[in-house]
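Reader: I am new to reading protein models. Could you walk me through one, step by step?

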Amino acid sequence: MPVAELCDAVGSTAAVTSRRLARLRADRIILGKEAIIDWSKLGYNVEVSLRVGLDKTQSRAFDDFIAAAREVPEVIEIQTFLGRVDVRLSVIAKDMTQYQQIYRARILTLPHIADIEALMQVARIKSDEVLPV
Amino acid sequence: MSGFDATDHALLRHLAGDADQSAAALAQLMGMSQPAVWRRLRRLEQSGVLKGQRLVLDREKLGFGVTVFLGIKLSGKGGMLLEDFERAVTAIPEVQTVEHVLGMYDYRLRVVARDIADFERILRRRIMALPGAGDVEANVLLSEERRPGPL
């Protein structure tokens, strides 16, 4: 959103709004800005969420797994959890055939996997990621 | 479909990490002229590949210390039920993302809360009250990283 629109939205002047934005950045509340890429427009029509349980008897299970997962270009997100799932990977592919290849050659070969389960994304219903401040 | 070459991919890779860079800075980085970068950016925007920008916020400093992912299985099936559920779930402010998925669960939600007590309130009052919500699994997010992807 450009600063001018932001001013209208919060009912403030450009100078005040810019100063506040600068302060939010200086205080490291705003950490930066990322571009949002629509992968489907680049031909990546498949997105799968892989929920991975790791072999926790291996003390380096998390580190080894995550380091290896970073090497797979089709992995666009890596999250770790407290709960039934240890790590979740978002994997994109152009189609199911390519997904199958990535899954077999790059995912199943990652270290220390105890179990793995897939959720295939059908639709994104909401994705604003706005904090309810 | 694609029609985007390696230079476009490189531009996207730079922007994915830091969308604040000006066309001039990108031009220097890529060893290209500024108008050439500008033209490519416009094309990426117009085609919808560059969908927008997202501020990266320090959630904890804003008082949202807990992010939980929920897997939800609906207790029944039917067109009406899906629509009712989707309408109700998207209206909850603490629910940041809703994905319809195939697999063990029907929906995957990203929920932010101030702390675990706040999460419990959201879970009990909001999530459990959703029409058709059956089995719910919660996983608390510990860390998260976005990768540049196949660019």
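Author: Gladly! This is a predicted model, in which local features need pLDDT of at least 70, side-chain atom pairs count only at pLDDT 80 or more, and totals for chains, interfaces and linings use all residues. Residues are numbered from 1 along each chain as its sequence is written, chains are lettered from A and ligands numbered from 1 in the order in which they are written, and side-chain values use heavy atoms, with hydrogens and water left out.

Reader: Where do I begin? How many helices and strands does chain B have?

Author: Helices (H or I, at least four residues) and strands (E, at least two) are DSSP runs, numbered from the N terminus. Chain B has five helices and five strands, and from the N terminus on they run α-α-α-β-β-α-β-β-α-β. In chain A there are four helices and five strands, in the order α-α-β-β-α-β-β-α-β.

Reader: What does the radius of gyration of chain B look like beside that of a compact globule?

Author: The radius of gyration is taken over C-alpha atoms, and the globule rule is 2.2 Å times the number of residues to the power 0.38. For 151 residues, a compact globule would come out near 15 Å, but chain B has 20 Å. As for spans along the principal axes, the C-alpha trace covers about 55 × 40 × 25 Å in chain B and about 55 × 35 × 25 Å in chain A.

Reader: Into which domains is each chain divided?

Author: Domain bounds come from an automatic or database domain assignment. For chain A it gives domain 1 (1-34) and domain 2 (39-120), with C-alpha centres 37 Å apart. For chain B it gives domain 1 (6-46) and domain 2 (66-140), and their C-alpha centres are separated by 38 Å.

Reader: How much of each chain is buried?

Author: Buried means under 20% relative accessible area, exposed over 50%, and partly exposed in between (1.4 Å probe, protein chains only). Of the 151 residues of chain B, 40% count as buried; of the 133 in chain A, the share is 41%.

Reader: Is Thr17(A) buried or exposed?

Author: Thr17(A) counts as buried because its relative accessibility is 6%. You will find Thr17(A) in helix H2 (residues 14-26) of chain A.

Reader: Which residues is Thr17(A) in contact with?

Author: Contact means heavy atoms within 4.5 Å. Leaving aside neighbours within four places in sequence, Thr17(A) touches Val3(A), Leu6(A), Cys7(A), Val10(A) and Ser12(A). By comparison, the C-alpha atoms of Thr17(A) and Lys94(A), 77 residues apart along the chain, are separated by 42 Å.

Reader: And contacts across a whole chain: how many join residues at least 24 apart?

Author: Take the contacts between residues at least 6 apart in sequence. In chain B, 65% of them join residues at least 24 apart, and in chain A the figure is 62%.

Reader: Last one: where do the charges of chain A lie on average?

Author: Lys and Arg count as positive and Asp and Glu as negative, while His and the chain ends are not counted. Each charge is placed at NZ of Lys, CZ of Arg, CG of Asp or CD of Glu. Chain A has 18 positive and 18 negative charges, whose mean positions are 4 Å apart. Chain B has 21 positive and 20 negative side chains, and the centres of those two sets also lie 4 Å apart.
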